[in-house]
Amino acid sequence: MRISTPSLFNNSLSNILQQQAAVAKAQDQVSTGVKFKTAGENPGGTAQVLALEQAMAEHAQFGSNLGSLRQRLGGEESALASAGDVLSRVRELTVQANSATLSTENRQQIATELTQLKTQLLDIANTSDGLGHYVFGGTQDSSKPFAETGGSISYSGSQQVREITVGEGRSLAEGDSGDEVFLRISDASGSSDLFARVQSAIDATLADVSTPAARTANQAQYANALAALDGGIEHLSGIRASVGTRLAAVDTVETRLQGLDVQLQATLSEVRDLDYAESISRLQLHSLSLQAAQSAFAKVQSLSLFNYIR
Amino acid sequence: MADLLNIGKSALYAAQKSLDLTGHNIANVGTEGYSRQRIDQSALPGGSVSRLDVGAGVVVNGTTRLSDALVESRLVRDGAEVARLTAFDSLATRADTLLSDSSTGLSGSLNQLFSGFEQLAVDPSSTATRQAVLGQAESFANRLGDLHAQLSSIDSEIDQRLSQAVSTINDLASAIGQLNHRIAEAGSNTPADLLDARSQLVQQLSEQVGISTTVQDDGSLNVFASSGQPLVVGDRVSLLGTADDLYRPGRLDIVGGSARISSQLSGGTVGGLLDARRNLIDPALEKLGRVAVTLTSRINAVQAEGVLQDGSVGSALFSAPSGVAFSASTNTGSATAAVSFGNTAQLTGDDYLLRSTGTGWQLTRARSGEAVSFTGTGSSSDPLVVEGVRITLSGSAASGDSFRISPTHDAASQVQLLSSDPRSLATAGRLGSSAALANTGSAKPGAPTVVDGSNAQLATPATITFLSASSYQIGSGPAVAFAAGDRISANGWSLTLAGVPQAGDQFSVSATPPGSSDNRNARALAGIAQEKLLDGSRNTISQANNALVTQTGTTTLQVRTAKAAAEAVRTQSQNERDAVSGVNLDEEAANLLRYQQAYQAAAQVIATASTVFDTLLAATRR
């Protein structure tokens, strides 16, 4: 085929330009570390990257939700533990008070301490998380949920608690409402109100034991109060166990989420990130081809019959 | 002797012409579109009819332009295709980068918005969190507006480039007309360089717009645009012009004669610009607008299902985009159309053309022209409903009047955050439930769900009293039978009980009081991320946005691949053309030597004739 001088020149030149474009692309990939930057370079890969990034953003949010959940459940658990301690101390003092050898004065002292413990229990029921939220207020947690009026305790919090999303379609209650914890003890051994149960122990301690008949009646009073306290302690530990179960669930979900995230990260990296070994050798290959094209251009262009016409 | 002298003279003349032409070829080695030329010469027979007759030398008939009309026309076609794809590719690449890049695309701000709602569910009463969520909502609205503005600026650049192309087309057509005139006048004596010049102009014209050509008997070339519109006939030139689009003011239509021909033009830069608008920019704007409409209307709807911290019902967070109906500038009736949205899950994003038949309406899809079925009459009580779009007409339309219904094309530019008050986020559910402390059963009420938000009694406190474990009454209403798992419904709400109720147990339902840190509605806002709101409930908002990004990318890739292929084809045709018409310097160098030698030889012939004559004179002098 006859080849014209312009096409010889243009074809050699366009080879050089093509190799230059390939070198520029390989260089861009090596310096950015990703295989593609826009959907136009790899539509399928971009679709995958966008979906993976969404999943990872979601997981990051679930992870932060789990953190908040752990902190709040932890707060509730320590409040429940303190309440349990208070009740154990109440029980201990009640057993101690139920002794014939104690003087009225001694029993008065115990009653005073028990009253203090009851106040302490109320304080625990009104525990705040330090950020202005009352742990046992349900969804009305910006003011103290429990108040004492005329010796009886009233609850002004909400019976609802927030659920926190920890995964797609999965959520956990972030607490227990105050009425559930302190006012709804379902065993029949006393009032459903925990504070009333403590009060019954105080009442037993302050009862009149001057006559044998009164003493016998007081024994029954003590027995009831102790049974009610045991019921209360059991009720609290039941709730504590359910909090513990949720905390365990938080750990399980978190572990699973982290495992999943590692997988997502690996997939994302596989789809988007550059194989440096492969790219650098490609860069070298294109550089070499460019050099070859340049040198061929110079050689071919120097050939001319005019060089020989003198 | 006189013959030999004449023969030598003709040879000298022919060799000199050949040398001149070789020089001309060498001079034009770099001239775009130049076809190499050859001297067309033949032997001159002698005067007599005799076996002894010797020819009279050589005669130069003229110059021949070496070209192949078929290859030339293929090159014109290939050049037009490359120009089309180059114009398309440059616009597609910009749209692709815009939508893909994490700093300009929608994906990142969508993720952030949903993370914000999730954060709001964790900390509904924190003002800082609320403020942050509003910030995310605002940057989402801004991102939508920015994307719309950027895509629209590509769209208006298309108009600018179209009007540039129209003026270039007119210039080229005029120049071709003038050349036609000169070529027709010169007839068979037309210099080759004029033909080259015209080919070159035709090539340039085809890079602007797709054309077809025919050669007339007088040698002039007729040029027609791809729409069939004549551009050049002989030396008469029909100019193209621009006019406002029939429907969309500010957008250009190309006009030839009195007809709007934009929709029929293809090929060349003009074709590429129109293809990019039709297949990439418009669909991207429409799909972006669809995401904007669907997401904002859903967020607004969920806001209205919740209550604010002061206990009042939530209101719209974003301004709701509305569709646009453009009246044709040729309409004679007084009818106007308004566009709103119905079931957004059915939205396609497509534009429609609505045409009055005099007695009713006809609806077609604007891009494909296919007929679309609809329901309704168009009155305000019975709007035309098509694929989630509601069209209301007022005034009276004349037969043939038409509208372009553009539901979502510009919706992304209309989204605005309506409130900067952090309290305006409706995080709490509307109703709460509680169980009386004196209840003896183990039943606990679930959160009431709102079934009918418009029920006037919705927020009225209600008490559910169990008459026995298997029946209850609401307030002092009639007894209703109850079995475990039954939903208890009244006043537009409904709830379920977990556990077993006992006779005398009471549950109450009431409006969420002020100051609630309930997060049910915040979770509902966050849950929008997972709701399949689009494409007939098949895709989530994010999936729809990803589809937009991927679709644009796919189109861009297709165009880029096609462009590379078209360039290869054009290179091939160019090589073929150059093989025939291109100048080869080595060849010309050889010719230069050859004609130089021919010239020297011809000179020698004259010298010989002179010597022979001298010899004769010397002989007769004796």
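Predicted model: local features only at pLDDT ≥ 70, side-chain atom pairs only at ≥ 80, totals over all residues.
Where does B:Ser537 lie in chain B? B:Ser537 sits in the loop between H7 and H8 of chain B. Keep that loop in mind.

Start with chain B. Chain B holds 9 helices and 27 strands. Its C-alpha atoms fill a box of roughly 165 × 50 × 40 Å along the principal axes. A compact globule of 622 residues would have a radius of gyration near 25 Å, but the value for chain B is 41 Å. Of the 622 residues in chain B, 42% are buried. Now take the contacts in chain B between residues at least 6 apart in sequence: 73% of them join residues at least 24 apart.

Next, look at some strands of chain B. Strand E27 (residues 506-511) of chain B runs antiparallel to strand E19 (residues 431-435) of chain B, and 5 bridges join them. Find B:Leu431, which stands opposite B:Ala511 in E27(B). E27(B) also pairs with strand E22 (residues 462-468) of chain B, again in the antiparallel sense, over 4 bridges. Here B:Thr463 has B:Ser508 in E27(B) as its bridge partner. In a regular strand, side chains alternate between the two faces of the sheet.

Now return to the loop. Most residues other than glycine have a negative phi. B:Asp535 is not a glycine, yet its phi is positive, near 55 degrees. B:Ser537 is not a glycine either, and its phi is positive at about 60 degrees. How buried or exposed are they? B:Asp535 is partly exposed, because it has 17 other C-beta atoms within 10 Å. B:Ser537 has 12 C-beta neighbours inside 10 Å, so it counts as exposed.

Finally, turn to chain A. The mean pLDDT of chain A is 92, and 100% of its residues reach 70 or more. Among its elements, strand E2 (residues 152-155) of chain A has the lowest mean pLDDT, 91, while H2(A) has the highest, 94.

Helix H6 (residues 212-272) of chain A has 61 residues. At 1.5 Å a residue, H6(A) should span 90 Å. Its end C-alpha atoms are 88 Å apart, so the two values agree. The buried residues of H6(A) include A:Ala225, A:Ala228, A:Leu229, A:Gly232 and A:His235. An α-helix has 3.6 residues a turn, so residues three or four places apart point the same way. What covers the buried residues of H6(A) includes helix H2 (43-97), strand E4 (170-173) and helix H5 (194-206) of chain A.

Key. Residues numbered from 1 in each chain as written. Chains lettered and ligands numbered in written order. Helix = DSSP H or I, 4+ residues; strand = E, 2+ residues; numbered from the N terminus. Expected span 1.5 Å × (residues − 1). Buried ≥ 20, exposed ≤ 12 C-beta atoms within 10 Å, placed from the backbone. Contact = placed C-beta atoms within 7 Å. pLDDT = per-residue confidence, 0-100. Pairing = 2+ DSSP bridges. Rg over C-alpha atoms; globule rule 2.2 N^0.38 Å.
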